[in-house]
Amino acid sequence: MIVVCPVCAAANRLPADRLGAGGKCGKCGHALFAAVPVTLTAANFDAHASRSDLPLLVDFWASWCGPCRQMAPAFTAAAAQLEPRMRLGKLDTEAESAIAGRYAIRSIPTMILIRKGREIARQSGAMPASAIVSWARQAAGA
């Protein structure tokens, strides 16, 4: 499997049966899984969304959004439960408006599950961690 490093966005080859064992990036040496969401930017978004074999669950949010701030700890808790079978990332719609526009984000928080560059599921509104995990697993077919 190809797993993109959460720190430097380098693509790493990792055997599928070794996902649970983690692994380190061959370029920067950081752990490939930290059980926290990756901060997504224009510089690393496409690497995580298109090059990785892991589904990417993106939380589109903004700092001024109350429900977004309320859901942030739940999204972080969900990362601990969903990794290493899924990568979670947060994208600030104010800082990365071009990417938010590409996905036609009309309300926040909105979560989109992406596999190999294609959107496979979308959910708007704040959710608790258990609901995020349940929805993401169902949407990914896991």
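**View 1. The lining of the largest cavity holds three nonpolar residues, two polar ones and one charged one.** Here Ala, Val, Leu, Ile, Met, Phe, Trp, Tyr, Cys and Pro count as nonpolar, Asp, Glu, Lys and Arg as charged, and the others, Gly among them, as polar. The model is predicted, so to speak of local features takes pLDDT of at least 70, side-chain atom pairs count only at pLDDT 80 or more, and totals for chains, interfaces and linings use all residues. Residues are numbered from 1 along each chain as its sequence is written, and side-chain values use heavy atoms, without hydrogens or water. Look for Val-4, His-48, Ser-52, Leu-54, Pro-55 and Arg-87 around the space; lining residues have an atom within 4 Å of a cavity point, that is, a point on a 1 Å grid over the protein atoms alone where a 1.4 Å probe fits but cannot get out. The cavity holds about 30 Å³, a volume being the space filled by probe spheres set on the points, which are joined across faces, edges and corners.

**View 2. Helix α2 covers residues 66-82.** Its 17 residues reach 24 Å from first C-alpha to last, close to the 24 Å expected at 1.5 Å a residue (times one less than the number of residues). At Ala-72 the helix bends by about 35°, with Pro-73 following within four residues; the bend is the angle between axes fitted to the seven residues ending there and the seven starting there.

**View 3. Strands β6 and β7 run antiparallel.** Six bridges join β6 (residues 110-115) to β7 (residues 118-124); strands pair if DSSP finds at least two bridges between them. Helices (H or I, at least four residues) and strands (E, at least two) are DSSP runs, numbered from the N terminus. Thr-110 stands opposite Ser-124, and Lys-116 in the hairpin takes a positive phi near 50°.

Methods
On a 1 Å grid over the protein atoms alone, a cavity is a set of points where a 1.4 Å probe fits but cannot get out, and a pocket is an open set with protein on both sides within 12 Å along at least five of seven lines; lining residues have an atom within 4 Å of a point.
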